[in-house]
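Please look at the sequence and the model below before reading on.

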Amino acid sequence: MRALLSFSLKTLRHRKAAFAGAFVSLFCAAALVSACGMLLETGLRGHVDPERYAGAPVVVAGDQYVHKTITKGNGKTKHKSKAISERAWIPESLTEEVAGVPGVRKAVAEVAFPVGTPDGEAAGHGWDSAVLTPFTLADGRAPRQAGEVVVDGGSALRTGDRLRALTPAGAAEYRVTGVTAQTVAGQDTLFFAPDEARRLAGRPGLVSAIGVFTAPGAEPDLAAALRGTRALAHTGADRGTAEFLDAEQARIKLISMGGALGGTSLIVAVLVVSGTFALSVQQRQREIALLRAVAATPRQLRRLLGGEALVIALAAGPAGAAAGFGVGFWLRSKFVELGTMPAHLPLVVSPFPAVAGLLATVLAAWAAARLAARRAARVRPVEAMGEAALPTARLPWPRLVAGAVATAGAVVLTLVLSGLSTEAAASPVTMLTALVWTIAVALLGPPLARAAAALAAIPLRASRVSGHLAAAGMRTGARRTAAVVTPLSLLIGLACTILFVPTTLGHAAEREAAAGTRADYVAGPRIPAGAAEALRGEPGVEAVTEVLHTEVRAGLTKLTARGVTAGKLARTTDLGVVSGSMAGFDAEAVAVSENAAGRLGVGVGDELALTLGDGTPAELTVAAVYSRGLGFGELTLAHDLVAGHVDDRLGTLLVAAPELTRAELAELLAGVPGAEVLDRAEAVAAEPENAAVNYVAMGLIIAFTAIAVVNTLAMSTADRVRELALLRLVGTTRRQVLRMLRLETLSALLLAGVLGTGIAYATLTAFAAGMTGTAVPHIPPAGYLALVAGVAALALAATALPGRVALRQHPAEAVAGRE
Amino acid sequence: MADTVQLEAVSKVYGKGQGAVAALREVSVAIPRCSFTAVMGPSGSGKSTFLHCAAGLDSPTSGTVRLGGTDLTRMNETKLTELRRQRIGFVFQAFNLIPSLTVLENITLPLRLSGTRTDKARLRDIVDRVGLTGRTDRRPAQLSGGQQQRVALARALATGPEVIFGDEPTGALDTMTAREVLNLLRETVDSLGQTVVMVTHDPVAASYADTVLYLADGRIVDETQDPTAEKVAERMTRLGAWK
């Protein structure tokens, strides 16, 4: 074994260039996997320290999860919980019960509501709950009546200033009576008089949390007091989860994203690295044959290649894992910038992701070496003899079988995907489908490349020297072409899939919204009910629909929902009702999109049990089923029903006012701070799609694949020094040789373009069929062309540079030089 | 005199059905110990196939190959490899050496892979004998073609094999260098008692052998004892090697 390892090391030292490709791929894989590991770990173990509730030892808050116990066939039960999307409020009456528990010194109820100020969004509370932080006054006095407010220490306002604020109750002007000494990070805080705060929050009898102060040394048991309610007690660092609900949601997102991203990069790594190793084995065919003839058993050869892989992995792994920390922090900063991750949720830094990255790298290298060794072990010892050692033309049957299995798997996945209608299910399957298709292409690469070479030869022969040579080179080098085509089609296929999933979805939603929007204007982002009501009375305004967005759950299934005011709804929105009717739509009713109705198994007249955003159960009757679920949400509820169960009850307005200009409408809403008016076209286009985060994360995988493409092409060209020199000796000019290389790359590119686009198109069509109901993906031509042009430029550069280097050597020397 | 290598009715057919080509037809031959045998024949006569089958690099379609009483045709690839590296030496036409290893490492490669301890004195003797003293730390790329063939010969000798097979060992060398390599081979037979089997198409190379076997159409058609270059060339002309 020692002999083998030292031999591995020597080979590596001797063939640095050939292994540089594998090193770079493994380095990138380690970096990506450990960065994803950091996201995943933050999702699993990350927590935020309490800030607002730092002063209260115990915080009682609503349960932020819906629970379901699933009984399996074998009698076992499984408990599942899913997060709800809004804060769960708890009865204020609990305050007294909690205060009565032995060991509790004091219980303080708190209400929280969003307040729009000229500086942005702030959190509003009653001054009575200031002690939970605790906030103390640096100046002035506490607010005592309706028009008074205390601002935090970070505010530019001073005692006596005036503040125009938009609360859930509407816009009003407040006088600053005091300034606190403290601030909490990442959030402006405003304190109102206790009764005023409860009025503004608009949830009589409910509070958002109860802070509990304990007697010295006491650890009161609140379980009995909280039994039968939806409230839970939080202590220590756990209080942060009760305070920062966005952090909880971000964690869940990080888990799914870290997992998907890490898994994808791992599969890509195995594909890329095994391609690099296979190419290196192919280039060393004669050396391997010699080893087999004079010394090495197939087993020793496998161990030899495994040793090489291990050495590279152990060199690339730790370096990559270390770089992964940098990538992790970079991803976090991007996610924070894009609003996916709250700034106060710190990244968990531990050795685990690095170890996972290292292990994944070693595993990927081992798997790749194992695959490459299969080929090496087939090299016959007699190939060491005689100059003309031709690679075996036929593909071994296990590979054909594996290729067939992968193709079948890809077909099955494509069919499954075409039946998936939720984004949560479809997103990971989409990536997997594209990857499995690529694996099939990689396995069946050589015959595909041969077939394509035969086709490409026809036009290539038109160019008498370079084209003829390129056609011949592709035909005989089918394996080499295949080695290049695999990463190229992976790159094109993955990039197309990643880029055009959001456009497909966005386009379908836009199309539905455009078709269904009857309103002339959309006003937002936060318009109070009073302003909407006032607008309805203005001349020229025909109809105003108030809209709120939220997410509800049916059982554990998450559904997007919109709350709308039903009066004159048809003047602003055409949901595309296919059965039932929106007439007489009230707080007892729900309208369901066709897609969701199919999934939930409900029709018009059926009862539908929902858990609203804040965890409140609601029994509703299905009044209508509509077709435009992508444009207008999976469920439509009454505005009155939704408003009482969301964190922010201020939403947008759809306004039908054909007689009014945009400026006139804006004038009517001038009293609402921050109000903006969009016309129909803008509003439809402005439908926000959270694609940016995906682009950032998946962009890394695209970059990784691009590096692999450059690697493979450079490796493949650099190996042909002798062949190119020979061509020069027999009278081919440098220009013709370079043109031949270019034509070969372009032919490979064409094949990869067809395969990659085919893979992406099949995947996207299935995705579109499942998600939008029409099997037509939306691929913007400009974006597609830019992508293909970019890949082509990359591939040509990666061929031309090593080609030029190879031609720099004097041809006679290059031909004479052995290996 | 005992025979080192014995072939009995060895046939090798490539391909199947209509496209089948018989490279060897019922070849039976015995190579005696301590002899130098050259195998000659025109292109396509089956020379290479003969060597592959005799050396355990390829298995015959029918017939048996024995090395010192061991039946090679019954062995699997691993056993064959172990047999090759312990009991057979090889000198190929070109690309005999692993470029990443030094001369000494190349020579000891079969020993190291079989886990055999190297006998230092014996190794020094072999290196002296092939004239590589003082060059053992070089890499193959730093050696001339003739020197590379000497390294290959030293590697073949290092394990003390029962037979050394050469596949056109002088094919890529100039006349002078070829003569040196052939003299070395002759010497290993005469002074070390080696058995050498060499495939060649060069009558001068063949003239260094004790016996020349002539192959044509997969059969051994003739043999010459104590050959001279002229005799061999004349015989080859009649076989139609040079038209």
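Strands here are DSSP runs of E with at least two residues, helices are DSSP runs of H or I with at least four, and both are numbered from the N terminus. Two strands pair if DSSP finds at least two bridges between them. In general, strands of a sheet pair through backbone hydrogen bonds, either parallel or antiparallel.

Strand β1 (residues 58-62) of chain A runs antiparallel to β15(A) and is joined to it by 5 bridges. Opposite A:His234 in β15(A) stands A:Val59.

## Basis of the model

This is a predicted model, in which local features need pLDDT of at least 70 and side-chain atom pairs count only at pLDDT 80 or more, whereas totals for chains, interfaces and linings use all residues. Residues are numbered from 1 along each chain as its sequence is written, while chains are lettered from A and ligands numbered from 1 in the order in which they are written.

## Chain A as a whole

Chain A has 27 helices and 25 strands. Its C-alpha atoms fill a box of roughly 100 × 70 × 60 Å, taken along the principal axes. Of the 819 residues in chain A, 52% are buried; a residue is buried if 20 or more other C-beta atoms, placed from the backbone, lie within 10 Å of its own, exposed if 12 or fewer do, and partly exposed in between.

## Domains

Chain A is divided into domain 1 (58-246), domain 2 (397-512 + 690-819) and domain 3 (521-659), with bounds that come from an automatic or database domain assignment. The centres of domain 1 and domain 3 of chain A, taken over C-alpha atoms, are separated by 28 Å. Their contact takes 21 residues from domain 1 and 20 residues from domain 3. Two residues are in contact if their C-beta atoms, placed from the backbone, lie within 7 Å.

On the side of domain 1 that touches domain 3, at least two residues each come from β2 (65-71), β3 (77-83), β6 (113-117) and β11 (170-180) of chain A. The residues of this side divide into 8 nonpolar, 5 polar and 8 charged. Ala, Val, Leu, Ile, Met, Phe, Trp, Tyr, Cys and Pro count as nonpolar, Asp, Glu, Lys and Arg as charged, and the others, Gly among them, as polar.

## Where chain A meets chain B

The contact takes 25 residues from chain A and 25 residues from chain B. Helix α8(A) gives the most to the side of chain A that touches chain B, with 6 residues. By class, that side has 11 nonpolar, 5 polar and 9 charged residues.

## Backbone exceptions

Most residues other than glycine have a negative phi, and most peptide bonds are trans. The peptide bond from A:Thr133 to A:Pro134, however, is cis, with omega near -5°. A:Pro134 is found in the loop between β7 (120-126) and β8 (137-140) of chain A.

In chain B, B:Ala9 is not a glycine, yet it has a positive phi of about 50°. B:Ala9 lies in strand β1 (residues 3-14) of chain B and counts as partly exposed, with 13 C-beta neighbours inside 10 Å.
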